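Open the model in your viewer and keep the selection panel at hand. Each stop below says what to select and what is there.

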Amino acid sequence: MDVEDWYQVCAFEDRVDFADWARYEQRVEIGAERILTLLAERNIHATFFTLGWVAQRYPNLIRRIVEQGHELASHGMRHTRVITQTPDEFRDDVTRAKGVLEEIGGVAITGYRASTWSMHPQTTPWAWNILAQSGHRYSSSLQPIRHDLYDAGDAARIPHHPITDGVVEIPVAVAQWAGRRWALGGGGWFRLLPYGVFARGLRYYHAQTGRPAVFYCHPWELDPEQPMLPGLSAKSRFRHRLNLKRMQPRLARLLDDFAWDRLDRVYADSIGSR
């Protein structure tokens with residue numbers, strides 16, 4: 001689970017300035033509570049990659065995540081794409097976020113997910129090393145497909161070390177079929193594809209790789225009543241609003257149809273291999 005609010009997504013970067021974040025309607029707790037309820041009803045535990053900015057403003061939400069047995073992990077301080085940061089800026093961001101989350105949650109933060117899958121071995125090789133130096137043990141920051149917002153179509157689809165002295169990278173699920181890669185990690189892809197197609201894709205990924213699939217979603221995807229930003233492009237509106245009303249029952253079905261757990265436990269063998 002990537003814990004960020006509806007207006008903090010990368011697709012709105014050109015319309016929402018960080019300095020104005022506090023002026024927008026704050027709704028992150030609405031979707032987060034719906035996710036927590038779905039998980040609690042099924043005794044499922046998950047990993048919550050959380051913005052430090054959100055944690056500072058909603059400490060009780062962070063404590064509930066930890067108290068209910070979920071893994072608390074880092075999504076950085078303010079949803080800044082890694083490819084727009086210098087190594088020093090990245091180090092400051094992940095160090096600050098780790099400190100904030102550990103102070104509020106009272107647990108060690110070992111996992112990290114970059115904003116909008118914005119790490120790549122060719123453009124940001126230093127990022128995995130900085131994560132290791134700052135006390136993280138793994139990253140889940142690659143979606144190994146080609147996309148207009150990120151391009152990691154040449155990256156490995158299973159846990160690997162992009163650089164020898166960095167943390168292990170655990171990508172989200174991507175299937176290889178008919179000479180192409182197909183996104184199965186979640187988010188807009190999960191809301192777009194028919195449920196049966198998506199579920200078969202997850203099983204196909206597992207059969208191909210022999211590894212568990214990493215799936216993600218956001219609290220705002222379970223909040224169809226969220227405001228609409230004016231002046232959005234048709235593409236941004238489609239990506240963000242598609243099938244929001246169907247998301248909660250669809251997620252419930254996915255949780256029922258597969259076995260799930262925290263990323264640090266599911267991939268303990270890979271995380272511990274560093």
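Select Ser270 first. Is it buried or exposed? This is a predicted model, and in it Ser270 has a relative accessibility of 10%, so it counts as buried, the cut-off being under 20%. Ser270 sits in helix α11, residues 268–271. The side chains of Ser270 and Arg211 are joined by a polar contact of 2.9 Å. Show the surroundings too. Beyond the neighbours within four places in sequence, Ser270 touches Pro159, Val168 and Arg211.

**Zoom out to the chain**

Show the whole chain as a cartoon. It has 11 helices and 8 strands. Its radius of gyration is 17 Å, close to the 19 Å that the globule rule gives for 274 residues, so the chain is as compact as a globular protein of that length. Draw a box along the principal axes: the C-alpha atoms fill roughly 45 × 40 × 40 Å. Colour by accessibility next. Of the 274 residues, 54% are buried.

**Helix α1**

Select residues 28–42. This is α1, with 15 residues. From first C-alpha to last, α1 reaches 22 Å, close to the expected 21 Å. Which residues of α1 are buried? They are Val28, Gly31, Ala32, Ile35, Leu36, Leu38 and Leu39. These residues cover an arc of only 160° around the axis, so they lie on the same side of α1. An α-helix has 3.6 residues a turn, so residues three or four places apart point the same way. Turn to the face away from the buried side of α1. There you find the exposed residues Ala40 and Glu41.

Now look at the cover. The buried residues of α1 are covered by elements including β1 (2–3), β2 (47–50), α2 (52–57), α3 (59–67) and α9 (244–257). Step just past the end of α1 to Asn43, which has a positive phi of about 55°.

**Strands β2 and β3**

Select β2 and β3 together. They run parallel and are joined by 4 bridges. Pick Thr47: it stands opposite Glu71 in β3. Then show the side chains of β3, residues 71–74. Glu71 and Ala73 point one way, Leu72 and Ser74 the other, and all are buried.

**Helix α4**

Move to residues 87–105, helix α4. This helix has 19 residues and spans 26 Å from first C-alpha to last, close to the expected 27 Å. Highlight its buried residues: Phe90, Asp93, Val94, Ala97, Lys98, Val100, Leu101, Ile104 and Gly105. Look down the axis of α4. The buried residues fall within an arc of 165°, so they line one face of the helix. Asp88 and Glu103 are exposed on the other side.

What covers the buried residues of α4? The cover includes β2, α2, α3, β3, β4 (111–112) and α5 (126–133). Just after α4, select Gly106, where phi is positive at about 70°.

**Last stop: a hairpin**

Select β7 (residues 174–177) and β8 (residues 180–183). The two strands pair in the antiparallel sense over 4 bridges. Val174 stands opposite Ala183 in β8. Together β7 and β8 form a hairpin with 2 residues between them. Check Ala178 in the turn: its phi is positive, about 55°.

Key: Residues are numbered from 1 along each chain as its sequence is written. This is a predicted model: local features need pLDDT of at least 70, side-chain atom pairs count only at pLDDT 80 or more; totals for chains, interfaces and linings use all residues. Side-chain values use heavy atoms; hydrogens and water are left out. Buried means under 20% relative accessible area, exposed over 50%, partly exposed in between (1.4 Å probe, protein chains only). A polar contact is a pair of N or O atoms within 3.5 Å; within protein, one must be able to donate a hydrogen and the other to accept it, and residues adjacent in sequence count only if both atoms are side-chain atoms. Contact means heavy atoms within 4.5 Å. The expected span of a helix is 1.5 Å times one less than its number of residues. The arc is that of the directions from the helix axis to the C-beta atoms. Two strands pair if DSSP finds at least two bridges between them. The radius of gyration is taken over C-alpha atoms; the globule rule is 2.2 Å times the number of residues to the power 0.38.
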